[in-house]
There are 2 protein chains.
Amino acid sequence: MIEAALRILDDQGLPNLSMRQLAESLGVRPGALYWYFDSKQALLADVSRRILAPMYSATVEGDSLHERALRTGVQLRDCLLAYRDGAELVSSSLALGLVVSPVHTKLGIDQQKPEDQHPLVLTAAEAVTHFVVGFTFHEQQRTQAEALGVTGAADDITPQAVANSSPAQGGEFRSVLELICHGLQTLEPSP
Amino acid sequence: MIEAALRILDDQGLPNLSMRQLAESLGVRPGALYWYFDSKQALLADVSRRILAPMYSATVEGDSLHERALRTGVQLRDCLLAYRDGAELVSSSLALGLVVSPVHTKLGIDQQKPEDQHPLVLTAAEAVTHFVVGFTFHEQQRTQAEALGVTGAADDITPQAVANSSPAQGGEFRSVLELICHGLQTLEPSP
DNA sequence: ACCTGAACACCGTTCAAGT
DNA sequence: ACCTGAACACCGTTCAAGT
């Protein structure tokens, strides 16, 4: 079900991921989907969580906060780039409050000692989350626009060409993320 | 035209700002709008620019880069909060590349000496833009959800109640923005 | 130059009724 | 428990034809 939705997302993009398309790809009528999901947004939230799933299985190394934040941000971007329109989809699910940012859990709750951490840590997670999602959203849109510009036709872009995109942008992304995370050093407890 | 669109946006929210609704409010048939705009996205881009317009008339004081960045970020949030769903609308226009971030122009082009500034300044503008838009998007959504929760009914929320919202969130917003802008001090030329 | 009429190809969601 | 049939109330966009 979620897998079928992910396939449509990757093949046809978010605007074409409709309840009717999904139903058809499952050999079922549109109304049937409402036995499993309350609404399309609920379905999209589940898809978002699946896209973010790799964040939870992978552990993040690094002893300083700003180092872990940096690695987490990079990980998040990788997840979003793995599917077409991944950033746009996750962006809206996050904004609607239907999905919690994996950056929050990784930087906050994952810690062994939840008491003695700086109160601004979660707040810093917000900064990283919003920047990464926003940047990747913009980046992914540009990449797809380019892909359309080159081929002319609108439908023969392979998911891979879009997903494995933009090693070019990687550098800029990293340097800004480092800039943000640099600010976190001031919150660091004495190591 | 744009004014009519802004009124629908503020009264009914982004999901109800359709070409058909807009046409009706202008006493015209939907097709007529396509004589003025190539597409709905182009119309929404113009609306976004109108929402961001106050950014261009107001000048930003402050001699250090990180101080100007901070003030610009606060200004941007104010613009987005001035209309219902303002952040969501501007977020997508920015991502689609149909609108340029006012933060970029304020921190970069506005300067008298465009040559001798750090190459990371524009890059820093990205960080501020993405954070502010993402944060405000999330914030605006929460505020509206609350408003719905309190009244129960879906339609009797005044635009003002939504627009003038969340002095509560203001503190958190500011501290994270300060965190980001703090990183900019490292780029500062010697004052 | 500006707009209508009318169509085309879609949407999300609900809900009685079937199995 | 799970799904269909069929409807309800919408969409964005195009384009001949009117004025």
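Q: Where does Gln75(A) lie?
A: In this predicted model, Gln75(A) is part of helix α4 of chain A, which covers residues 65–81.

Q: Is Gln75(A) buried or exposed?
A: Gln75(A) has a relative accessible area of 19%. Buried means under 20%, so Gln75(A) counts as buried.

Q: Which residues is Gln75(A) in contact with, leaving aside neighbours within four places in sequence?
A: Met55(A), Ala58(A), Thr59(A) and Lys106(A).

Q: Switching to salt bridges: how many does the structure hold over all chains?
A: Ten. One of them joins the side chains of Arg77(A) and Glu139(A), at 2.7 Å from N to O. This pair links distant parts of the chain, with Arg77(A) in helix α4 and Glu139(A) in helix α7, 62 residues apart.

Q: And are Arg77(A) and Glu139(A) buried or exposed?
A: Both are buried.

Q: What about Asp46(A) and Arg49(A), where do they lie?
A: Both are in helix α3 of chain A (residues 40–57), three residues apart, about one turn of the helix. Asp46(A) is partly exposed at 27% relative accessible area, and Arg49(A) is partly exposed at 39%.

Q: Through what surface do the copies meet?
A: The same surface, because 100% of the interface residues of chain A are also interface residues in chain B.

Methods
Residues numbered from 1 in each chain as written. Chains lettered and ligands numbered in written order. Predicted model: local features only at pLDDT ≥ 70, side-chain atom pairs only at ≥ 80, totals over all residues. Heavy atoms only, no water. Helix = DSSP H or I, 4+ residues; strand = E, 2+ residues; numbered from the N terminus. Buried < 20%, exposed > 50% of the residue type's maximum accessible area, 1.4 Å probe, protein only. Contact = heavy atoms within 4.5 Å. Salt bridge = Lys/Arg side-chain N within 4 Å of Asp/Glu carboxyl O.
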